[in-house]
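Biologist: Please take a close look at a single part of this model, setting it first against the chain as a whole and then following its neighbours in the fold.

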Amino acid sequence: MAPLLDRLPSRWRTTVDWVGTILGAVVVVLLVKAYVVNPYRIPSSSMEPTLHCARPAAGCEASSSDRVLANRFIFHFRDPKRSEVVVFDAPSSVAQSGCGEPGSAFVKRLIGLPGDHISEDGEGFISVNGRRLDEPYVSAAVRAQDTSYHNRSWTVPPGEYFMMGDNRGMSCDSRAWGSVSRSELVGPVFATYWPPKRVSHGLLLVVLGIALAAALVWGVRRLRGAPRPDASRT
């Protein structure tokens, strides 16, 4: 390819070089979005106050919705963990409960693992396999807000996961439409990137790491391209 470009006029070589760079960047972005990291917007109040949605929608606490990043590949290397905030594709059962469209992106907290027995007592506390779950992200006011599922219990089938919103009174979740299969899980949320005042420390560390890596690559290329002393003169 290089000899072919060398035959072109300088202006054309520059144009081809820029076009190739732009196309390469687009391909990289598409691959990253499909297989590595994908952005999502929080559309409802089901995860308030952990993740904000925008007023004037019911239950929303902020003027703009949080934008988050989900790790799309990590579940290929490890199992999902309890209490992770996870993006997943809504199962077909959500249509029957009127909670949304099957296949749309949902964001909830993973509460139950395969085989777990989940129960909600008369005060809204959640227990897993007979032990009360420590949930500092759920306030007493939120627990008392909705009594629809008090004194109910569920068993998570093998290979599936039980998802719940932090804002229990405003969350249509696995209590209504059942658990989610492993294949429907997209990945855990690892950073908030918008609005600026909500940017998470994790994202700042990722950006800093990328900047340091880019600086290292640039420095190595500069060193390799530096002129070497002429051995014949020594």
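Modeller: The accessible surface of the protein chain comes to about 14200 Å², and 60% of that belongs to carbon and sulfur atoms; accessible areas come from the Shrake-Rupley method with a 1.4 Å probe, and for residues only the protein chains shown count as cover. This is a predicted model, in which local features need pLDDT of at least 70 and side-chain atom pairs count only at pLDDT 80 or more, whereas totals for chains, interfaces and linings use all residues. Residues are numbered from 1 along each chain as its sequence is written, and side-chain values use heavy atoms, with hydrogens and water left out.

The protein chain has 6 helices and 11 strands, which are DSSP runs numbered from the N terminus (helices H or I, at least four residues; strands E, at least two). Of its 234 residues, 35% are buried, where buried means under 20% relative accessible area, exposed over 50%, and partly exposed in between (1.4 Å probe, protein chains only).

Strand E4 (residues 105-112) runs antiparallel to E9 and is joined to it by 3 bridges, and two strands pair if DSSP finds at least two bridges between them. Arg109 has Met164 as its bridge partner in E9. E9 is also joined by 2 bridges to strand E10 (residues 180-181), again in an antiparallel arrangement, and here Glu160 has Ser181 as its bridge partner in E10.
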